[in-house]
Amino acid sequence: MASLHTMEKKLAEYKCDTNDAICLKLVRFPEDVDDDGTTFHPEYSHQTFGDDEVAFGYKGLQIQLFYTAGNLSTLFKVKYSSTVTEMFDCVEPDDVEGKIREIVPAGFTCNTDDFVSLLEKEANFKPFGTLLHSYTVHSEEAGELTYQIHKANITCPGFQEYHERLQTFLMWFIETASFIDADDDRWDFFLVFEKYNKDGETHYATVGYMTVYNYYVYPDKTRPRVSQMLILPPFQGEGHGAQLLEAVHRFYCSLPKVQDITAEDPSENYVKLRDYVLVKLCQGLPSFAADKLHLGFSADMVNEAQDKLKINKKHARRVYEILRLRATDMSDEEKAREYRLEVKKRLFGPYRKNQRELAKMRKCLRPEELVSHMNQMDTRTQHEELEKSYQVVVEDYRRIIERLATQA
């Protein structure tokens with residue numbers, strides 16, 4: 001028994017956290033290759049290495065996935081100090097290399113010198129597609145940095161191969177990510193690049209991207225739906241997500257056949273970002289003027305948001321609530337109460353649906369089954385949950401208002 005415990009303990013030494021083991025880089029200069037300061041790691045690796053996010057059979061495991069900053073030409077290497085086979089002949093390590101090869105498209109190099117030589121070709125890399133928007137971000141270290149947002153599609157020469165390399169990042173940073181069928185011509189791609197100077201030449205670095213699928217809406221409209229959006233970790237927290245989403249929104253607003261713009265299974269962070277962008281766009285519309293907000297959510301707001309900005313009623317309602325909060329003196333008890341009731345009226349929708357379902361159940365359930373369901377829908381609990389939901393919503397709204405204030 002003791003020997004079995006000892007063996008388990010020794011085998012456990014060969015387990016590696018794959019989120020730590022995977023080392024990612026966006027390389028601009030040869031010295032970046034050996035600079036640990038340019039390395040970043042995945043948030044997720046469960047889709048490749050299982051729910052435990054562990055690779056077995058190695059000590060000192062390091063999985064290098066280095067990309068040139070622009071074209072994303074790839075270096076893939078697996079390094080380790082020892083394997084479990086050296087201690088236990090009958091135990092095989094996980095096929096780490098095989099798992100990564102399932103994600104990373106062919107064409108990568110495993111030789112560091114060859115990878116460094118590819119940096120010389122980065123000056124030839126130019127952004128794909130059509131330029132939609134340019135903007136600058138101030139950096140204390142580098143001064144004013146210039147960024148560009150481009151719209152591309154799969155017919156752009158070289159883009160399909162580039163996109164195959166780019167989408168590998170999804171597996172490490174989006175929990176439920178999956179690769180798309182990019183051959184479908186209803187996909188639009190929006191890309192963010194940093195424009196920078198290296199040795200007197202203009203270079204472009206990949207910052208992030210968004211994919212949008214254009215659904216058909218009877219009889220003659222389309223509904224663009226955001227599928228994936230990722231700003232790469234070295235560029236996060238700098239406002240690029242908001243710039244990208246606003247540029248995409250403005251692009252589709254310019255197309256007469258677009259019905260409205262939605263998102264597929266949006267994350268909480270995406271919803272907050274969308275709220276910020278839509279409020280920024282709507283705050284100048286006449287129907288959302290401060291003197292109109294206290295009158296309540298109106299048909300004029302719905303129609304103007306839809307007609308001018310392709311914003312659907314559900315999203316326009318959230319915009320109204322945020323702008324009304326900004327315009328409300330919450331220290332005034334009566335005004336605060338009016339606002340609270342206005343938001344809770346929307347939040348109460350799901351609870352009202354439960355009441356309708358309960359009425360139906362009364363007709364078909366046995367008494368003991370009905371009691372069980374009634375307990376789940378206890379009125380007091382509903383009010384408590386409603387208040388919690390309200391507080392969370394208002395806290396999120398305040399953050400958006402604060403962000404808008406800093407951008408003013």
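Reader: Which side chain does a polar contact of 2.7 Å join to that of Glu321?

Author: This is a predicted model, where local features need pLDDT of at least 70, side-chain atom pairs count only at pLDDT 80 or more, and totals for chains, interfaces and linings use all residues. Residues are numbered from 1 along each chain as its sequence is written, and side-chain values use heavy atoms, without hydrogens and water. Glu321 is part of helix H12 (residues 313-327); helices are DSSP runs of H or I with at least four residues, strands runs of E with at least two, both numbered from the N terminus. The polar contact (N or O atoms within 3.5 Å, one able to donate a hydrogen and the other to accept it; residues adjacent in sequence count only if both atoms are side-chain atoms) joins Glu321 to Tyr397.

Reader: Is Glu321 buried or exposed?

Author: Buried means under 20% relative accessible area, exposed over 50%, and partly exposed in between, with a 1.4 Å probe and protein chains only. Because its relative accessibility is 0%, Glu321 counts as buried.

Reader: Which residues are linked with Arg317 and Glu321 in a network of salt bridges?

Author: The whole structure holds 20 salt bridges. Besides Arg317 and Glu321, the network takes in Glu342, Lys345 and Arg346.

Reader: How many residues apart are Lys280 and Glu246, which form a salt bridge?

Author: The closest N and O atoms of Lys280 and Glu246 are 3.1 Å apart. Lys280 counts as partly exposed because its relative accessibility is 32%, whereas Glu246, at 11%, counts as buried. Lys280 sits in helix H9 (residues 268-282) and Glu246 in helix H8 (residues 240-253), so the pair links distant parts of the chain, and the separation is 34 residues.

Key: Salt bridge = Lys/Arg side-chain N within 4 Å of Asp/Glu carboxyl O.
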